[in-house]
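Hi,

Here is the structure I promised to pass on. Have a look at it first, and my notes follow below.

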Amino acid sequence: MNSRKTLREFILCALLMAIGVVLHFITPAFMLNMRPDFMLSMLFISLMLVDDLKINYVTAIIAGILTALTGSMPGGQIANPIDKLVTSTIIILMLRLLRNRVNEGIIAGIVGIIGTIISGSVFLGVVSIIAGLPGPFYLLMLTVVLPTSIVNTVVTVIGYYIIKKVSKSTLVVNK
């Protein structure tokens, strides 16, 4: 693999993770001390723009660690890295199935909504085992995960096109 291209992809992913951690940090917690995870949108954009398995998993691990460091949910320090790895694995598989078959805007929307629901489900499942949930699972899914999935879908689709355009002109990512 071209080492320059790899470095550029790592830099793009690092920038997206930096944006994600700032968004995650400044988003206030609500509804039973939970906050939407906008780091996911940046992770999804990274997975869509960079088609390198090693970089994708390094990015997922970094996203999980950064989200754990800025999270407020008891048990979230363990749940965040797990949910990012599980979610990334599923999204990577989805992308491999959908690429070159479906419009990239539709892919971004599918990734945004399904990825957020998977991530939220895994996160809540792990937290329920480790520390217990502050409310019923279904209530947290309805009041936090589903609204976040709608917002993340919009952020993922719009962010994908913006970052793709900027990265093409400055970083020349593999698209």
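Before the surface, one term: a patch here is built from residues with over 30% relative accessible area and no salt bridge, and nonpolar side chains are joined into it within 5 Å. Keep in mind that this is a predicted model.

With that in hand, there is a nonpolar surface patch of about 500 Å², made by Ile78, Ile82, Val86, Ile90, Ile129 and Ile130. Helices α4 (76–98) and α5 are the elements that give it two or more residues, and α4 has the largest share, with four.

Now for α5 itself. At its start, a side-chain oxygen of Asn103 comes within 2.6 Å of the backbone nitrogen of Gly105. After the helix comes Gly132, with a positive phi near 85°.

The other residue I'd point you to is Thr67, in helix α3 (residues 53–70). Is Thr67 buried or exposed? Its relative accessibility is 1%, so Thr67 is buried. A polar atom of its side chain lies 2.6 Å from the backbone oxygen of Ala63. Leaving out residues up to four places away in sequence, Thr67 touches His24, Asp37, Met39, Asn80 and Lys84.

Cheers

Technical notes
Residues numbered from 1 in each chain as written. Predicted model: local features only at pLDDT ≥ 70, side-chain atom pairs only at ≥ 80, totals over all residues. Heavy atoms only, no water. Polar contact = N/O pair within 3.5 Å; in protein donor to acceptor, adjacent residues only side chain to side chain. Patch = residues over 30% accessible without salt bridge, like charges linked within 9 Å, V, L, I, M, F, W, Y side chains within 5 Å. Areas by Shrake-Rupley, 256 points an atom, 1.4 Å probe, with all protein chains shown as cover. Salt bridge = Lys/Arg side-chain N within 4 Å of Asp/Glu carboxyl O. Buried < 20%, exposed > 50% of the residue type's maximum accessible area, 1.4 Å probe, protein only. Contact = heavy atoms within 4.5 Å.
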